[in-house]
Amino acid sequence: MKVLKFGGTSVGSAERMKNLVALISSNEPKIVVLSAMSGTTNALVEISNALYAKENNKAKTLIDSLENKYENVLKVLYSKESSLNKGKELVKNHFEFIRSFTLDMFTANEEKAILAQGELLSTAMEHFYLEEIGIDSVLLPALNFMRIDKNDEPDMKYIEENLKAELKKYSGKNLFITQGYICRNAFGETDNLKRGGSDYTATIIGAALSA
């Protein structure tokens with residue numbers, strides 16, 4: 001098993017998402033760790049800051065702007081109507097989730113949930129593109145196996161056990177796409193590995209699998 005990690009610039013546009021295929025489509029078993037599209041995490045931080053400040057109208061404007069960016073990427077990324085519709089539904093669901101935080105109290109827990117959306121979007125979008133062009137891949141949710149302990153350190157025993165259990169579900173599959181940066185904490189809540197977290201995710205996965 002190999003672990004390949006691609007940062008935000010590598011998935012920063014529809015063209016770059018398409019270009020990834022040449023690097024990840026061999027039959028060699030691999031886990032591909034993706035960051036959020038470039039600019040997304042910064043935009044989500046800006047949205048969170050507006051929500052902390054109770055500037056909900058500003059937050060809504062920022063959310064609309066980011067959603068529009070994703071909708072434009074979808075139009076270039078997919079050529080089949082079925083893929084485009086799946087992409088639109090994906091984006092709609094994630095941005096409805098982000099908008100839901102304009103209606104209630106906003107805390108650090110909600111911020112971490114918002115910051116996770118970038119990686120969840122980029123991995124699903126790439127997975128749908130691979131599906132469209134006939135390349136078999138598995139979307140492996142990092143939140144099913146990546147966890148930090150009460151000291152914010154990787155819980156390696158948990159990660160190794162759960163990652164291997166996830167992979168065992170897909171015997172015969174060679175290409176896995178997963179999210180960098182995001183994880184669960186000791187309480188099971190959505191959390192993250194801080195800046196540079198996608199590199200950290202790839203390293204942790206490599207260690208857990210002796211990749």
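Tyr 52 is partly exposed, at a relative accessible area of 35% (that label covers everything between buried, under 20%, and exposed, over 50%, using a 1.4 Å probe and protein chains only). Before you start: this is a predicted model, where local features need pLDDT of at least 70, side-chain atom pairs count only at pLDDT 80 or more, and totals for chains, interfaces and linings use all residues. Residues are numbered from 1 along each chain as its sequence is written, and side-chain values use heavy atoms, leaving out hydrogens and water.

**Exercise 1.** Classify the ring pair of Tyr 52 and Phe 106.

*Solution.* 
- Step 1: recall the rule. Rings of Phe, Tyr and Trp (its six-membered ring) pair if their centres lie within 6.5 Å; planes under 30 degrees apart are stacked, over 60 edge-to-face, the rest tilted.
- Step 2: apply it. The centres are 4.9 Å apart and the planes at 75°, which makes Tyr 52 and Phe 106 edge-to-face.
- Step 3: check burial. Phe 106 is buried, with a relative accessible area of 11%.

**Exercise 2.** Do likewise for Phe 97 and Phe 101.

*Solution.* 
- Step 1: the centres sit 5.1 Å apart with the planes at 85°, so this pair is edge-to-face.
- Step 2: Phe 97 is partly exposed at 35% relative accessibility, while Phe 101 is buried at 11%.

**Exercise 3.** Which residues do ring pairs link into a cluster?

*Solution.* 
- Step 1: count the aromatic pairs; there are 5.
- Step 2: follow the links, and you get a cluster of Tyr 52, Phe 97, Phe 101 and Phe 106.
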